[in-house]
Amino acid sequence: MTRLVVLPRYGRLGASSRTRLWQYVPALQEAGFEVAIAPFFDDGYVRDLQSGRRRYGRIVRAYGTRLAALRRARSADLLWIEKEAFPWLPEWLERLLLPRNVPIALDYDDAVFELYAGHRARLVRRLLGEKHRRAMRRSALVTAGNRLLADYALEAGAPNVVQVPTVVDLERYPPPNPAAPDSAGVRVCWIGQQSTAAFLAPLAPMFRELAADQRMRFTAIGIDTAAANLPMDSLAWSEASEAADIAACDIGIMPLPDTPFERGKCGYKLIQYMACGLPVVASPVGANRDIVQHGVDGFLADSEAEWRVALTRLAANSELRRRMGAAGRAKVESQYSLQVTAPRLVGSLGAVAAGPR
(Lines give C-alpha, C1' and ligand atoms only; values in the text may rest on other atoms or scores of the structure.)
Protein backbone atom coordinates (compact mmCIF):
# COMPACT_ATOMS: atom_id res chain seq x y z
CA MET A 1 0.00 0.00 0.00
CA THR A 2 1.30 3.46 -0.93
CA ARG A 3 1.71 5.71 2.10
CA LEU A 4 0.70 9.26 1.19
CA VAL A 5 0.93 12.21 3.57
CA VAL A 6 -1.25 15.13 2.46
CA LEU A 7 -0.35 18.55 3.87
CA PRO A 8 -3.05 21.13 3.06
CA ARG A 9 -2.72 24.71 4.17
CA TYR A 10 -6.16 24.66 5.86
CA GLY A 11 -8.78 22.33 7.25
CA ARG A 12 -11.99 21.72 5.32
CA LEU A 13 -13.23 25.27 5.93
CA GLY A 14 -10.45 26.59 3.69
CA ALA A 15 -11.85 26.62 0.15
CA SER A 16 -8.51 26.05 -1.61
CA SER A 17 -7.56 23.12 0.60
CA ARG A 18 -11.03 21.57 0.48
CA THR A 19 -11.27 21.63 -3.30
CA ARG A 20 -7.64 20.97 -4.20
CA LEU A 21 -6.71 18.22 -1.71
CA TRP A 22 -9.38 17.13 0.77
CA GLN A 23 -11.94 16.18 -1.85
CA TYR A 24 -9.49 13.76 -3.51
CA VAL A 25 -8.88 11.71 -0.36
CA PRO A 26 -11.74 9.20 -0.99
CA ALA A 27 -10.54 8.55 -4.56
CA LEU A 28 -6.97 8.07 -3.33
CA GLN A 29 -8.09 5.63 -0.67
CA GLU A 30 -10.17 3.69 -3.18
CA ALA A 31 -7.06 3.45 -5.38
CA GLY A 32 -5.09 1.81 -2.55
CA PHE A 33 -3.37 4.78 -0.94
CA GLU A 34 -2.99 4.88 2.81
CA VAL A 35 -3.71 8.56 3.39
CA ALA A 36 -2.74 10.69 6.37
CA ILE A 37 -3.85 14.32 6.17
CA ALA A 38 -2.53 17.10 8.38
CA PRO A 39 -3.48 20.75 7.70
CA PHE A 40 -1.16 23.59 8.67
CA PHE A 41 -3.96 25.86 9.97
CA ASP A 42 -7.06 24.44 11.66
CA ASP A 43 -10.65 25.53 11.05
CA GLY A 44 -10.47 27.94 13.99
CA TYR A 45 -7.84 29.95 12.12
CA VAL A 46 -10.10 30.13 9.04
CA ARG A 47 -13.00 31.36 11.17
CA ASP A 48 -10.71 34.03 12.60
CA LEU A 49 -9.75 35.15 9.10
CA GLN A 50 -13.38 35.47 8.10
CA SER A 51 -14.15 37.60 11.15
CA GLY A 52 -11.05 39.77 10.79
CA ARG A 53 -9.26 38.42 13.86
CA ARG A 54 -5.64 37.31 14.03
CA ARG A 55 -4.61 35.15 16.98
CA TYR A 56 -0.86 34.75 16.96
CA GLY A 57 -1.02 31.80 19.33
CA ARG A 58 -2.80 29.80 16.61
CA ILE A 59 -0.10 30.71 14.12
CA VAL A 60 2.73 29.62 16.41
CA ARG A 61 0.94 26.34 17.14
CA ALA A 62 0.51 25.76 13.40
CA TYR A 63 4.28 25.70 12.87
CA GLY A 64 4.69 23.21 15.70
CA THR A 65 1.89 21.02 14.34
CA ARG A 66 3.49 20.98 10.90
CA LEU A 67 6.88 20.01 12.34
CA ALA A 68 5.25 17.08 14.16
CA ALA A 69 3.50 16.00 10.96
CA LEU A 70 6.79 15.99 9.07
CA ARG A 71 8.44 13.84 11.72
CA ARG A 72 5.66 11.29 11.28
CA ALA A 73 6.06 11.49 7.49
CA ARG A 74 9.61 10.12 7.38
CA SER A 75 8.33 6.68 6.38
CA ALA A 76 5.92 7.98 3.74
CA ASP A 77 6.18 7.10 0.06
CA LEU A 78 5.08 10.59 -1.02
CA LEU A 79 4.31 14.02 0.43
CA TRP A 80 1.63 16.09 -1.31
CA ILE A 81 1.91 19.69 -0.10
CA GLU A 82 -0.38 22.61 -0.80
CA LYS A 83 1.91 25.41 -2.01
CA GLU A 84 4.63 25.23 0.69
CA ALA A 85 5.32 23.35 3.88
CA PHE A 86 6.01 26.48 5.96
CA PRO A 87 4.71 29.93 4.97
CA TRP A 88 7.31 32.69 5.29
CA LEU A 89 10.27 30.37 5.78
CA PRO A 90 13.03 30.45 3.12
CA GLU A 91 13.35 27.47 0.80
CA TRP A 92 16.70 26.29 2.17
CA LEU A 93 15.31 26.07 5.72
CA GLU A 94 12.13 24.36 4.58
CA ARG A 95 14.24 21.84 2.68
CA LEU A 96 16.17 21.02 5.86
CA LEU A 97 12.93 20.39 7.75
CA LEU A 98 11.37 18.13 5.11
CA PRO A 99 12.06 14.38 5.42
CA ARG A 100 14.88 13.13 3.23
CA ASN A 101 14.38 10.57 0.47
CA VAL A 102 10.62 11.16 0.32
CA PRO A 103 9.44 12.59 -3.02
CA ILE A 104 7.50 15.85 -2.88
CA ALA A 105 4.42 16.81 -4.90
CA LEU A 106 3.38 20.47 -4.72
CA ASP A 107 -0.09 21.82 -5.49
CA TYR A 108 -0.83 25.39 -6.64
CA ASP A 109 -4.19 27.04 -7.20
CA ASP A 110 -2.98 30.64 -6.79
CA ALA A 111 0.00 32.70 -7.88
CA VAL A 112 1.31 32.69 -4.30
CA PHE A 113 4.84 33.21 -5.60
CA GLU A 114 3.78 36.78 -6.41
CA LEU A 115 3.21 37.49 -2.71
CA TYR A 116 6.92 37.03 -2.06
CA ALA A 117 8.43 38.14 -5.35
CA GLY A 118 6.32 41.30 -5.45
CA HIS A 119 6.44 42.12 -1.75
CA ARG A 120 7.08 45.76 -0.87
CA ALA A 121 9.82 44.79 1.61
CA ARG A 122 13.21 44.25 -0.03
CA LEU A 123 14.24 41.72 2.63
CA VAL A 124 11.20 39.56 1.88
CA ARG A 125 11.93 39.69 -1.84
CA ARG A 126 15.55 38.78 -1.21
CA LEU A 127 14.86 35.87 1.17
CA LEU A 128 11.67 34.47 -0.37
CA GLY A 129 11.34 35.85 -3.89
CA GLU A 130 12.72 32.68 -5.49
CA LYS A 131 11.31 30.24 -2.92
CA HIS A 132 8.61 28.68 -5.07
CA ARG A 133 10.81 28.41 -8.16
CA ARG A 134 13.43 26.52 -6.16
CA ALA A 135 10.81 24.30 -4.51
CA MET A 136 9.28 23.48 -7.88
CA ARG A 137 12.68 22.51 -9.30
CA ARG A 138 13.33 20.02 -6.52
CA SER A 139 9.79 18.59 -6.53
CA ALA A 140 8.89 15.27 -8.13
CA LEU A 141 5.54 16.67 -9.32
CA VAL A 142 3.67 19.96 -9.50
CA THR A 143 -0.13 19.85 -9.78
CA ALA A 144 -1.25 23.22 -11.16
CA GLY A 145 -4.78 24.57 -11.23
CA ASN A 146 -4.51 26.48 -14.51
CA ARG A 147 -2.35 27.19 -17.52
CA LEU A 148 -0.55 30.21 -16.01
CA LEU A 149 0.52 28.23 -12.94
CA ALA A 150 1.59 25.25 -15.04
CA ASP A 151 3.65 27.49 -17.33
CA TYR A 152 5.30 29.12 -14.32
CA ALA A 153 6.27 25.71 -12.91
CA LEU A 154 7.70 24.56 -16.24
CA GLU A 155 9.66 27.76 -16.66
CA ALA A 156 10.98 27.38 -13.11
CA GLY A 157 12.37 23.98 -14.06
CA ALA A 158 9.84 21.62 -12.47
CA PRO A 159 10.54 18.17 -13.95
CA ASN A 160 6.92 16.98 -13.94
CA VAL A 161 3.88 19.27 -14.21
CA VAL A 162 0.25 18.16 -14.46
CA GLN A 163 -2.55 20.67 -14.96
CA VAL A 164 -5.52 19.80 -12.76
CA PRO A 165 -8.29 22.43 -12.65
CA THR A 166 -10.22 23.15 -9.49
CA VAL A 167 -13.44 21.16 -9.86
CA VAL A 168 -16.75 20.20 -8.27
CA ASP A 169 -18.00 16.78 -7.27
CA LEU A 170 -21.04 16.06 -9.44
CA GLU A 171 -22.54 14.00 -6.62
CA ARG A 172 -22.87 17.26 -4.68
CA TYR A 173 -24.05 19.18 -7.76
CA PRO A 174 -26.86 17.12 -9.36
CA PRO A 175 -28.30 18.19 -12.71
CA PRO A 176 -30.18 21.46 -12.12
CA ASN A 177 -33.92 21.87 -12.28
CA PRO A 178 -34.97 25.15 -13.90
CA ALA A 179 -36.07 27.51 -11.17
CA ALA A 180 -39.57 28.93 -11.24
CA PRO A 181 -39.73 32.61 -12.20
CA ASP A 182 -39.35 34.87 -9.20
CA SER A 183 -41.74 37.79 -9.05
CA ALA A 184 -39.19 39.73 -7.00
CA GLY A 185 -36.71 39.78 -9.88
CA VAL A 186 -33.80 37.90 -11.46
CA ARG A 187 -31.32 36.74 -8.82
CA VAL A 188 -27.62 37.45 -9.37
CA CYS A 189 -25.21 35.71 -6.99
CA TRP A 190 -21.58 35.79 -5.96
CA ILE A 191 -19.87 33.32 -3.61
CA GLY A 192 -16.61 33.93 -1.80
CA GLN A 193 -14.76 35.06 1.31
CA GLN A 194 -14.03 38.37 2.98
CA SER A 195 -10.59 38.46 1.37
CA THR A 196 -12.13 38.77 -2.11
CA ALA A 197 -15.21 40.85 -1.26
CA ALA A 198 -13.32 43.99 -2.33
CA PHE A 199 -13.57 42.83 -5.95
CA LEU A 200 -17.30 43.61 -5.82
CA ALA A 201 -16.89 47.21 -4.64
CA PRO A 202 -16.21 48.86 -8.04
CA LEU A 203 -19.50 47.44 -9.36
CA ALA A 204 -21.58 48.25 -6.29
CA PRO A 205 -23.12 51.49 -7.67
CA MET A 206 -24.18 49.62 -10.81
CA PHE A 207 -25.68 46.81 -8.73
CA ARG A 208 -27.70 49.40 -6.83
CA GLU A 209 -29.01 50.95 -10.06
CA LEU A 210 -29.87 47.61 -11.65
CA ALA A 211 -31.67 46.46 -8.54
CA ALA A 212 -33.85 49.57 -8.72
CA ASP A 213 -34.33 49.85 -12.50
CA GLN A 214 -34.22 46.25 -13.73
CA ARG A 215 -35.69 44.44 -10.73
CA MET A 216 -32.54 42.40 -10.15
CA ARG A 217 -31.66 40.97 -6.76
CA PHE A 218 -28.00 40.67 -5.80
CA THR A 219 -26.88 38.08 -3.25
CA ALA A 220 -23.46 37.33 -1.76
CA ILE A 221 -22.87 33.92 -0.23
CA GLY A 222 -20.21 33.76 2.47
CA ILE A 223 -19.66 37.41 3.46
CA ASP A 224 -21.28 40.11 5.56
CA THR A 225 -22.40 42.57 2.88
CA ALA A 226 -23.44 45.22 5.38
CA ALA A 227 -19.90 45.33 6.80
CA ALA A 228 -18.52 45.50 3.26
CA ASN A 229 -21.00 48.26 2.32
CA LEU A 230 -22.38 46.30 -0.62
CA PRO A 231 -25.98 46.57 -1.93
CA MET A 232 -26.44 42.80 -1.74
CA ASP A 233 -28.28 40.33 0.44
CA SER A 234 -26.09 38.07 2.59
CA LEU A 235 -26.29 34.32 2.90
CA ALA A 236 -24.12 32.41 5.35
CA TRP A 237 -21.89 29.85 3.68
CA SER A 238 -21.84 26.15 4.52
CA GLU A 239 -20.43 23.23 2.58
CA ALA A 240 -23.77 21.44 2.88
CA SER A 241 -25.89 24.29 1.47
CA GLU A 242 -23.68 26.10 -1.05
CA ALA A 243 -24.83 24.15 -4.11
CA ALA A 244 -28.52 24.63 -3.29
CA ASP A 245 -28.00 28.32 -2.53
CA ILE A 246 -26.33 28.88 -5.90
CA ALA A 247 -28.94 26.81 -7.74
CA ALA A 248 -31.68 29.06 -6.31
CA CYS A 249 -30.21 31.97 -8.30
CA ASP A 250 -30.31 32.86 -11.99
CA ILE A 251 -26.89 34.37 -12.87
CA GLY A 252 -23.43 33.90 -11.35
CA ILE A 253 -20.75 36.60 -11.37
CA MET A 254 -16.98 36.78 -10.87
CA PRO A 255 -15.44 40.26 -11.10
CA LEU A 256 -11.66 40.20 -10.81
CA PRO A 257 -8.93 42.85 -11.08
CA ASP A 258 -6.22 42.27 -13.67
CA THR A 259 -3.23 41.99 -11.30
CA PRO A 260 -0.35 39.47 -11.23
CA PHE A 261 -1.78 37.58 -8.24
CA GLU A 262 -5.37 37.48 -9.49
CA ARG A 263 -4.27 36.17 -12.90
CA GLY A 264 -3.31 32.97 -11.12
CA LYS A 265 -6.80 32.27 -9.76
CA CYS A 266 -8.57 29.15 -10.97
CA GLY A 267 -12.13 30.43 -11.47
CA TYR A 268 -13.74 27.98 -9.04
CA LYS A 269 -16.77 30.25 -8.56
CA LEU A 270 -17.50 29.96 -12.27
CA ILE A 271 -17.33 26.17 -12.11
CA GLN A 272 -19.80 26.16 -9.22
CA TYR A 273 -22.23 28.45 -11.06
CA MET A 274 -22.01 26.42 -14.25
CA ALA A 275 -22.50 23.16 -12.35
CA CYS A 276 -25.78 24.61 -11.06
CA GLY A 277 -26.89 25.53 -14.58
CA LEU A 278 -26.34 29.29 -14.25
CA PRO A 279 -25.01 31.52 -17.02
CA VAL A 280 -22.02 33.54 -15.86
CA VAL A 281 -20.52 36.99 -16.22
CA ALA A 282 -16.83 37.28 -15.43
CA SER A 283 -13.82 39.54 -15.85
CA PRO A 284 -11.51 38.38 -18.67
CA VAL A 285 -8.63 37.67 -16.29
CA GLY A 286 -6.48 34.54 -16.05
CA ALA A 287 -8.31 31.22 -16.07
CA ASN A 288 -11.66 32.98 -16.54
CA ARG A 289 -10.74 33.32 -20.22
CA ASP A 290 -10.30 29.55 -20.50
CA ILE A 291 -13.43 28.64 -18.56
CA VAL A 292 -15.96 31.03 -20.13
CA GLN A 293 -16.74 30.78 -23.83
CA HIS A 294 -18.04 34.27 -24.50
CA GLY A 295 -21.59 34.20 -25.84
CA VAL A 296 -21.98 30.45 -25.33
CA ASP A 297 -22.04 29.74 -21.59
CA GLY A 298 -21.67 33.31 -20.35
CA PHE A 299 -20.11 36.68 -21.01
CA LEU A 300 -16.66 38.17 -20.37
CA ALA A 301 -17.02 41.77 -19.26
CA ASP A 302 -14.11 44.15 -18.87
CA SER A 303 -15.64 47.58 -18.28
CA GLU A 304 -18.61 48.66 -16.20
CA ALA A 305 -20.52 49.26 -19.44
CA GLU A 306 -19.87 45.67 -20.56
CA TRP A 307 -20.97 44.36 -17.16
CA ARG A 308 -24.20 46.37 -17.39
CA VAL A 309 -24.98 45.11 -20.90
CA ALA A 310 -24.27 41.47 -20.00
CA LEU A 311 -26.36 41.49 -16.83
CA THR A 312 -29.22 43.40 -18.43
CA ARG A 313 -29.29 41.09 -21.44
CA LEU A 314 -29.36 37.96 -19.30
CA ALA A 315 -31.95 39.36 -16.93
CA ALA A 316 -34.28 40.16 -19.81
CA ASN A 317 -34.05 36.79 -21.59
CA SER A 318 -34.93 33.61 -19.68
CA GLU A 319 -34.32 31.43 -22.74
CA LEU A 320 -30.79 32.82 -23.10
CA ARG A 321 -30.16 32.06 -19.42
CA ARG A 322 -31.45 28.52 -19.88
CA ARG A 323 -29.37 27.89 -23.00
CA MET A 324 -26.15 29.29 -21.55
CA GLY A 325 -26.72 27.50 -18.26
CA ALA A 326 -27.12 24.17 -20.05
CA ALA A 327 -23.92 24.77 -22.02
CA GLY A 328 -22.05 25.56 -18.80
CA ARG A 329 -23.33 22.43 -17.07
CA ALA A 330 -22.21 20.30 -20.03
CA LYS A 331 -18.74 21.86 -19.85
CA VAL A 332 -18.45 21.07 -16.14
CA GLU A 333 -19.47 17.46 -16.71
CA SER A 334 -16.86 16.99 -19.44
CA GLN A 335 -13.94 19.07 -18.11
CA TYR A 336 -14.39 20.43 -14.58
CA SER A 337 -15.69 17.61 -12.42
CA LEU A 338 -14.03 15.42 -9.82
CA GLN A 339 -15.21 12.42 -11.80
CA VAL A 340 -13.00 13.55 -14.72
CA THR A 341 -9.92 14.81 -12.85
CA ALA A 342 -9.63 12.26 -10.02
CA PRO A 343 -8.35 9.36 -12.17
CA ARG A 344 -5.70 11.60 -13.75
CA LEU A 345 -4.55 13.02 -10.43
CA VAL A 346 -4.50 9.65 -8.68
CA GLY A 347 -2.47 8.20 -11.55
CA SER A 348 0.05 11.05 -11.44
CA LEU A 349 0.59 10.76 -7.68
CA GLY A 350 0.82 6.98 -7.92
CA ALA A 351 3.45 7.14 -10.64
CA VAL A 352 5.62 9.53 -8.60
CA ALA A 353 5.28 7.42 -5.44
CA ALA A 354 6.31 4.29 -7.33
CA GLY A 355 9.21 5.93 -9.15
CA PRO A 356 12.89 5.83 -8.30
CA ARG A 357 14.07 7.61 -5.14
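Predicted model: local features only at pLDDT ≥ 70, side-chain atom pairs only at ≥ 80, totals over all residues.
1. Residues are numbered from 1 along each chain as its sequence is written, and side-chain values use heavy atoms, without hydrogens and water.

2. Helix 12 (residues 268-275) and helix 15 (residues 318-335) have axes that come within 7 Å and cross at roughly 115°. That makes the two roughly perpendicular (65 to 115 degrees). Ile271, Met274 and Ala275 of helix 12 make the contact with Gly325, Gly328, Arg329, Lys331 and Val332 of helix 15 (heavy atoms within 4.5 Å).

3. Helix 15 also packs with helix 14 (residues 304-316), at about 105° and with the axes 5 Å apart. Helix 14 is therefore roughly perpendicular to helix 15. Here Arg313, Leu314, Ala315 and Ala316 of helix 14 meet Ser318, Leu320, Arg321 and Met324 of helix 15.

4. The largest nonpolar core has 79 residues, of which Trp80, Ile253 and Leu311 touch the most other members. Such a core is a set of buried Ala, Val, Leu, Ile, Met, Phe, Trp, Tyr and Cys residues joined through side-chain atoms within 4.5 Å, with buried meaning under 20% relative accessible area (1.4 Å probe, protein chains only). Helix 16 (residues 338-354) gives the most to this core, 7 residues.

5. A second, separate core holds 39 residues, among them Leu7, Tyr10, Ala62 and Leu89.

Note on methods
Axes fitted to C-alpha atoms, helices over the stretch in contact; angles between N-to-C directions. Helix = DSSP H or I, 4+ residues; strand = E, 2+ residues; numbered from the N terminus. Parallel < 35°, antiparallel > 145°, perpendicular 65-115°, else oblique. Buried < 20%, exposed > 50% of the residue type's maximum accessible area, 1.4 Å probe, protein only.
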